[in-house]
Amino acid sequence: MPAIRHASKRKAPPAGFSDIEDDLLVFSNKMKDAENASSDNVPRHQVLWPIFQISHQRSRYVYDLYYEKEAISKELYDWLLKNGYADAMLIAKWKKTGYEKLCCLKCVQTKETNFNSTCICRVPKAQMKEDQVVECVSCGCRGCASSD
Amino acid sequence: MLKSTHKSVAPPPLPEGWTEHKAPTGHSYYYNAATKQSTYTRPNPPPAASILQSTPFDPSQSFLQYQTIGSPKPSAGVTSDRFPLQSHLQGRGAFHGQKAGRGGHYGSRNTRAQPTDKPISRHPIPGCEPWVLVHTKLGRRFVYNSQKDESFWRIPDKLKEGILALDQLRIKEKAKAQQIPTEPTPATIAPSAIDQLDKAGRGDEKIGDGELDSSEYEEVEVTDDEGEDDENPPKRQRTGDDAQDEQSEPVEFNEDDIAYQLAAMGEEYGLDPGEYDDGNMDEWKEGVGGLELTEEDSIALFKDLLNDSGVNPYSPWEKIVEEGKLVDDTRYTTLTTMKARKETWDEWSRDKIKQLRALRAKEEKKDPRIPYLTFLQNHATPKLYWPEFKRKFKKEPEMRDSSLADKDREKFYREHISRLKLPQSSLKADLIALLQAQPLSALNNATIASHLPPAVLSDIRYISLASDTRDMVIESHIQSLPPPPGSTEEEDSEEAAKARMDKLRRQKALEDRERKVAEEKRRQQRHLEFGKGRLREEEAEIARAMNVTKKGLRDHLVEADSTEKATENPHDG
Ligand SMILES: [Zn+2]
Ligand SMILES: [Zn+2]
């Protein structure tokens, strides 16, 4: 293992990290790209969408590894959360009934939306008109109700 | 099902409005300035956009275009439908899964549609401007809205009346033409147009076939992705409603009609059945027989592919898809929907990870205590205190192994030395107690003395006796043991052999299927080309003949109008 890889304070990751290191790196690269992407011609409210989306995907990846596939240890899972590889708050929501697919935390904060209710993307597709296209303002989500 | 079009070719041009960019890391991404969308997934041109602007446009062209775009990008439908990043081209509907499920017809459709059809005439539909009725060379027809640039195979209800009028007009023309055989129909009318009307009444013969497909294919818009579905005659099924429509209004023209049409033309042109494309794709499919793999086999084949391709089971499925390593393998297509593939992936990766972890756990059993205890057995002596022993052997690997704490090394040393002072008999009893504590699966009469279970080797009691005395004790103990419960090792290899056989069998079934489908396709294509070639020749001749006198016909029509009420058309009744 390379000696000077992390800040000296940081402990080496727990066993099993090497199994997922490459894939996490792909996420990190995507994230960097998204952060560096030009935001010209992108409406201001959409600038952060790619970042939200990659962050969502990475959290889901870590979540699946631990809860769905039992592929990583509790120790490694905790380490990943602590080191920002997954959003612990978002995952906490996923464990709740009705929030299994939640896109982002913003979309369940009632205060920030125009309608003083949760985001439009939380509305089940069954309740929408047939070809109504939804794209929530905060993260670009196209619908994340559990029944979708 | 086979989806042979999944071979990747050069990327298709980007749809209008999209531009390609390189991220600093070298990734390509795509941006649409108009819609402000960006995506890592290369957008496929919507077939509608490019085709409809060209006139005369051609429904089979739109299909071809779709085909050359090729396989829907493997990532379509995989990534979270939640975000437009990857899925903006995808509708919200569930059509994609359906389509994939029917993917087996891609290849054959391709060969069927390619060489042939194109529009040969346009007629404004009276009272329904800007709609026009377009006839194709093969006698199919569809309606086209020249203002909206839309076209439909299925004729919207509002146009039916106008088209009925148009048809009646043509029937009259045709009737006149028959009365005076030397007077040809106008060149703009398909030579066989009249046949379409004939067979409207026969359509109901095939209604029974409709059981497999639901009504979702009823209305198919050529401008849509799904337009391709229309190119597949036997799949185009009719619902009861349709049939009724057709009986009352002979304007509906669907794939069965086309099949009939082709057959009729074939007979007319003296072709044997089989020399024209009879449209009975379903039949030949069944004829080839036994081509369907069981679902179990399909899943197993897909897992074989995963095993053979060396993909990392820890990776997210989306990444596997993006890498595109799997799509070129025929085993990829044994599962026909992305959903099924993802489910199989989930199952496989879970199992694989479990296996890997078990394997690793086994390796970890190579306990650092074992080599250390062996070292103690050989070198420890009551003559040396721990610090002396430590200093004396500090350069030995057993004394430096970082996975064993120095504290533990010291503890083992002290314990070992103190045990060496015990009487032999109690050491012997201790060893036997240790051996007896082992489960039969780990220690039995098949155990080789040099491969004792780690639990024995890492126990301090194992090294207390001199090694030759100890080995004798162990050997006699092993001999007294019963055989292992269910000879697991043999079973393992038997199972492995069975698994290998299974895999070979599946592989062979797949190859057989591929080969037969390919043969069948070649045969179909030959027949199609041959039949179509003959038809083209004949049609060219007819066209030449018909080119003669438009004026003569017009005169004739005027005359016909005055007499039509008296002579009711035989085809109309
Ligand atoms: Zn959402
Ligand atoms: Zn959101």
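Predicted model: local features only at pLDDT ≥ 70, side-chain atom pairs only at ≥ 80, totals over all residues.
Start with the zinc ion (ligand 1). Its protein donors are the SG atoms of four cysteines, A:C103, A:C121, A:C141 and A:C144, which sit 2.2 to 2.4 Å from the metal. Along the chain, these donors are spaced as C-x17-C-x19-C-x2-C. The arrangement counts as tetrahedral because the 4 donor atoms subtend angles of 105 to 118° around the ion. For comparison, the ideal angle for four tetrahedral donors is 109.5 degrees.

As for A:C121 and A:C144, both lie in the segment after α4 of chain A, 23 residues apart. Both of these cysteines are buried.

Now for the surroundings of A:C121. Leaving out residues up to four places away in sequence, A:C121 touches A:C103, A:C107, A:V134, A:C136, A:C141, A:G143, A:C144 and A:A145.

A:C121 turns up again in the largest nonpolar core, a set of 38 residues. The residues with the most contacts inside this core are A:I20, A:Y61, A:I72, A:L80, A:C103, A:C107 and A:C121. At least two core residues come from each of the chain A helices α1 (17-36), α2 (49-68), α3 (74-82) and α4 (88-94). Domain 1 (13-95) and domain 2 (99-147) of chain A each put in at least three. A separate core of 30 residues includes B:L404, B:L434, B:V456 and B:I474. In soluble globular proteins, nonpolar side chains tend to be buried together.

Notes. Residues numbered from 1 in each chain as written. Chains lettered and ligands numbered in written order. Heavy atoms only, no water. Core = buried A, V, L, I, M, F, W, Y, C linked by side-chain atoms within 4.5 Å. Buried < 20%, exposed > 50% of the residue type's maximum accessible area, 1.4 Å probe, protein only. Helix = DSSP H or I, 4+ residues; strand = E, 2+ residues; numbered from the N terminus. Domains from an automatic or database assignment. Contact = heavy atoms within 4.5 Å. Donors = N, O, S within 2.8 Å, 3.2 Å for Na, K, Ca; no water. Tetrahedral: all angles 85-135°; square planar, octahedral: opposite > 155°, others 65-115°.
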